Amino acid sequence: MSAYVTLPILAETGYAVLDAVAPPERSQWQDLEYVGWRSSGITRFAPLTSFDGRIDCNAFWNRTPPRTDKDGVWIDSQVRIAPELARRAQEPGANVGRCRVVELQPNTYADAIYNLHEDDNNRLNTTGSGWVVRCLENLTHDPDSVLVLREDRFDPATETRLPLPAGSRILVDTQRLWHAVWHRGTRPRYALVTSWESGSALDAYVAAHGGRTRTRSLPLDAATIDEAQHELHRRIEERRVALEAAGLSFERPTMSEA
């Protein structure tokens, strides 16, 4: 039995695709205040919630007093610009932790594979409470871009690639699955990313909005996959050599605070 309350639909694959929704007016995300924040690629974030209601992207456990990724405080100046995004984040009735819009610049498949990461959503989460998962709602129309998911960071056989047209919504246990976005557009991609606490409210919401698993993965030729795998290991080795030359220890990255 799990030490936390989890969503049964995520047990098999770690993700569920929800029914798509129409994106809101572009001003809801274009006019927000963004800050530089490193994630899977060249990114900026516009937080709608934070630890204390100020413009801040830092993890809640890095603040005082530290807490898990729950009970996000809505940022009034941002919510005034994006009331529809705030409404969508609150619609399931689940506890909302960090909620923000991410801006991602175009990248390559090799970039995405190198940037695969697991999130650390449940640090300080108490036993018996709900496991924190994340919903990614695509705001721009990026049908050629994909969310890359892997059970094993270094094994492409465990990979799923989910397209990201406008309004697509994917619920992911991002602490279980390695993930990154391969953005094949020519302009930045924007998405609403919301941390939700698992429980009966979220379970009912996912069921009511067509939650389904084992959806079709975008096909990709073996040569492209092999090339990206080679580049992944080349970049890791390059980083190891650079760090050790500077007298720094090298550890393979595991979790991200994104």
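Biologist: Which residues do ring pairs link into a cluster?

Modeller: Ring pairs link Trp29, Tyr34 and Tyr190 into a cluster, where rings of Phe, Tyr and Trp (its six-membered ring) pair if their centres lie within 6.5 Å, and planes under 30 degrees apart count as stacked, over 60 as edge-to-face and the rest as tilted. This is a predicted model, in which local features need pLDDT of at least 70 and side-chain atom pairs count only at pLDDT 80 or more, while totals for chains, interfaces and linings use all residues. Residues are numbered from 1 along each chain as its sequence is written, and side-chain values use heavy atoms, with hydrogens and water left out.

Biologist: How many aromatic pairs does the structure hold?

Modeller: The structure holds six aromatic pairs. One of them is formed by Phe51 and Phe60, whose ring centres are 6.2 Å apart with planes at 65°, so this pair is edge-to-face. Both Phe51 and Phe60 are buried, and buried means under 20% relative accessible area, with exposed over 50% and partly exposed in between (1.4 Å probe, protein chains only).

Biologist: And what about Tyr109 and Trp182, how do their rings sit?

Modeller: Their centres are 5.0 Å apart and their planes are at 50°, so the pair is tilted. Tyr109 belongs to helix α4 (residues 109–114) and Trp182 to strand β12 (residues 178–182), so the pair ties together parts that are 73 residues apart in sequence. Helices (H or I, at least four residues) and strands (E, at least two) are DSSP runs, numbered from the N terminus.

Biologist: Which charged end sits over the ring of Trp182?

Modeller: That of Arg184, 4.2 Å from the ring centre, and the charged end of Arg67 likewise sits over the ring of Phe60, 4.8 Å from its centre. A charge sits over a ring if NZ of Lys or CZ of Arg is within 6 Å of the ring centre and within 35 degrees of the ring normal.

Biologist: Which way do the residues of β12 point?

Modeller: Trp178, Ala180 and Trp182 point one way from β12, whereas His179 and Val181 point the other way, and all are buried. Strand β9 (residues 142–150) runs antiparallel to β12 and is joined to it by five bridges, with Trp178 as the bridge partner of Arg150. Two strands pair if DSSP finds at least two bridges between them.

Biologist: Switching to helices, which residues of α3 are buried?

Modeller: In α3 (residues 83–90), Leu85, Ala86, Arg88 and Ala89 are buried. Seen down the helix axis, the buried residues fall within an arc of 160°, so they line one face of α3; the arc is that of the directions from the helix axis to the C-beta atoms. Among the elements that cover these buried residues are α1 (27–30), β6 (96–104) and β13 (189–197).

Biologist: Is Ala3 partly exposed or buried?

Modeller: Ala3 is partly exposed, with a relative accessible area of 39%, and it is found in the segment before β1 (15–18). Leaving aside neighbours within four places in sequence, Ala3 is in contact with Thr127 and Gly128, contact meaning heavy atoms within 4.5 Å.

Biologist: Lastly, how many helices and strands does the chain have?

Modeller: The secondary structure comes to six helices and 14 strands. The radius of gyration of the chain is 18 Å, close to the 18 Å that the globule rule gives for 258 residues, so the chain is as compact as a globular protein of that length. That radius is taken over C-alpha atoms, and the globule rule is 2.2 Å times the number of residues to the power 0.38.
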